[in-house]
Amino acid sequence: MTKALPANLEQIEVNLKKLTNQRTRSSLLGIAILILIFFGGTLVSLEANAGSFGRGIANFFNYPRDLFVDTFEMGWKYWPRVIKYIPELIITLNIALFSTSIGFILAIIFAIFSSRNLIRNKKVIQFTKFLMDVTRSFPTLIIAMVFLYLMGKSSLPAVIAITIHTAGALGKLFTEAIENCDGKPIEGLSSVGATWTQKIRFSVLPQVLPLFLSYGILRLEINVRESTILGFVGAGGIGEMLAALIQWNYGADVLACMFLLVGTIIALDYLSAYWRHKLIGANQ
Amino acid sequence: MSSSLAIQRENIRKLFPDTFKQARKSRLRGQIIFFLVLVYLIVGFFTLDVVDIPKKWKPQNAAMFVLDTYAHKDHVTMKWENHEDIKIAFEGNYRSVYGRDNLDKSIPDWFYKNSDNVGNVVEFNNKGKAILYKDKVEIVNFPKYERDFTIKLNSNGKPYLVGSEDLVIEDLKGFRITENRVEFRPTLYERIQVYPKKVEIHRYSIGWKYFWFDFSSPLEPYTFFEALGLTFSKERVVPEMSNLKLFLTEIKDNEAFMHGRVWWAMLETIVMAVLGTMFATVMALPLSFLAAYNVTPIKALRFTLRRLFDTLRGIDFLIWSLIFLRAFGPGPFTGIFAIGFTDTGTLGKLYSEAIENTEKKQQEGVQSTGASKFLQHRFGIIPQILPIFVSQSLYYLESNTRGAVIIGAMGAGGIGLQFLGALATGNDFENVAYMAILVLAVVIFMDRLSAWLRRILIGSDQLIVR
């Protein structure tokens, strides 16, 4: 017995050393891989980039400076210009809000059909999950470009693209929320003979609705950015205006649009944080 | 029974009047919100012209687009003035003509001399035939058509359908006849057009032909696996280079699908996403420590950094990429920095919140051993937040891949720009489909990769928030 203890301790020591070595080794390996990726990526970028890196850095402030100089020269006449672009901003916001709402509804349907605690049929779950994966993974831009090509210029392609993407992205989060909700209320309702729809309405929905809304608000914020970008490739709104202004080189107006955009996004950022805090009491 | 239930219900109502009032109030609020949302949806329906979808939607265009994404076509052209000179070209491209001597490309087997030894037959996949003669085109053997048709030129040199006045409308479906053209298109896969000057036939087949090796490639006669097998053989297909090298260059320089260029563009996009995320992580790491109240006692510094994060995030990556596009020109650096700057804001905010939410006890434990401030943070905070950091960064990797495609389309290059280019040509829709599938595959791969890395690094593939 007295001899066993030191032997044991030795064993522990050896194990500890082995473990530490292993950890160091895998850390070093990870760092090496990261460095390799970094250098490889830099080589690719240097090869593919049109201008050189050094000149790019040197030119970084040129464009913003030009914009500000242009704006400064206008003086007080500037503010009416900012106001002039507000209708365009509203179009962008409208696209985002509308497609988020429709996507939200579609996502709920997706989520119900892909939650293991609501649907017993494995095939249905797999199919819905696959559908969500695909709709979520396509960049909105690709869907929007195809529809722009097929339907001609309007805001509709942006609406369709954002709706599709939102349905997939929210659907995944909603599924997790439903699968993680408490099973006892469902059991309780089953025990009094509630139908499937009643179970969803009275046990699942009250549990997950705050979470759903919180995710939806977060998505709305993202979608405002998305709809601006889609406008940039031709789907209307402030993005399209911005693209045109940049092409015409109207520095002051470009800056006006940028100010409007940044202001909106920051305001939305704070608003959504506030709302979500109110809804679920946490800043997730 | 029911009356006693009603009495009981009344009693409960009397016992808890406040609860019932509250329930009614909250139900009313829900109904009002629901009503407002409904009103908004209706307004949005009209302001965004959703009602116009049926008007704007051109089924013909969409059908052609979809058809071209999964099928290819061969053009057969005959000029009336010289009916023996028949040109068969893949997708109507003048560089992919069958039967040209210099290419040593045999005539496909669906084109042959008719049994009367006069006409030339184009046989479609549905066994229908178009027979080209010196002075007429015969359309025979089409399934679902009871009779055959003949198209001739009249004395004015205009095409007409022989005996069309005897035909019932049922027989004429699939025909479109105008003054200068008679078109027969029974399904999307067969199309025969007769003009005053020429006859043009489009014969569609399903699949991406010449996906691996293009029309003029010496490896074209072989399938992919046959060609792969050839790389192990000593006999050279062309004398100039080894089979393996030929195999690789032929795939890379494929003119139809441009594998070399597409894959390089895809690599550019991935590099933008990965290096952008790395850049953001490296920038956000120290800044987030300085922005957390349990590490930095200086309030002014914390406030400044917080606003810096907000600004970086608020200037959306659209605007960042516009600025960087001017500075760096088209290329991955634009994407890297646009993603990096935006995400420095996002990750900085998330990281600093994570640091502020760490347990204080561990730090106190380290402090009790007399460790310096630096060591306290190293051993008291970092072990707690490292999984969160890794999880967040990997989570953003996937969405940044999608972002990189978008930045590319706005001018930074990469697969986004290639995609726009293919779409703009208006007829390379198989390339559009190919790139869309490629992007989809890469995004899903990145998603799985980041989930897998999260699982092996921190034992959970869910996004850890706190």
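Select B:Lys152 and B:Tyr160 to begin: in this predicted model, B:Lys152 stands opposite B:Tyr160, which sits in strand S8 of chain B. Now show the two strands around them. Strand S7 of chain B covers residues 149-153, and it pairs with S8(B) in the antiparallel sense over three bridges.

Next, zoom out to the whole sheet. Six strands of chain B make up an open sheet, in the order S3-S4-S5-S6-S7-S8, with antiparallel pairing. Color strand S3 (111-113) and strand S8 (159-161) of chain B: these are the edges, and each has a single partner strand, so one side of each has no neighbour in the sheet. Turn the view and look for the twist, which averages 20° from one strand to the next.

Time to look at where the chains meet. Select the contact residues: 55 from chain B and 49 from chain A. On the chain B side, helix H10 (residues 317-328) supplies the largest share, seven residues. Color that side by class and you'll get 37 nonpolar, eight polar and 10 charged residues.

Last, the insides. The largest nonpolar core holds 133 residues, and among those with the most contacts inside it are A:Leu141, A:Ile142, A:Ala144, A:Leu230 and A:Cys257. Helix H13 of chain B (residues 373-412) gives the most to this core, 15 residues. Center on A:Ala144. Which residues does A:Ala144 touch, leaving out those up to four places away in sequence? Pick A:Pro157, A:Ala158, A:Ala161, A:Leu230, A:Val233 and A:Ala235. Then hop to a second, separate core of 18 residues; B:Leu132, B:Phe142, B:Val194 and B:Ile201 are among them.

How values were computed: Residues are numbered from 1 along each chain as its sequence is written. Chains are lettered from A and ligands numbered from 1 in the order in which they are written. This is a predicted model: local features need pLDDT of at least 70, side-chain atom pairs count only at pLDDT 80 or more; totals for chains, interfaces and linings use all residues. Two residues are in contact if their C-beta atoms, placed from the backbone, lie within 7 Å. Helices (H or I, at least four residues) and strands (E, at least two) are DSSP runs, numbered from the N terminus. Ala, Val, Leu, Ile, Met, Phe, Trp, Tyr, Cys and Pro count as nonpolar, Asp, Glu, Lys and Arg as charged, and the others, Gly among them, as polar. A nonpolar core is a set of buried Ala, Val, Leu, Ile, Met, Phe, Trp, Tyr and Cys residues joined through C-beta atoms within 7 Å. A residue is buried if 20 or more other C-beta atoms lie within 10 Å of its own, exposed if 12 or fewer, and partly exposed in between; C-beta atoms are placed from the backbone. Two strands pair if DSSP finds at least two bridges between them. Axes are lines fitted to C-alpha atoms, for helices over the stretch in contact, and angles run from 0 to 180 degrees between N-to-C directions.
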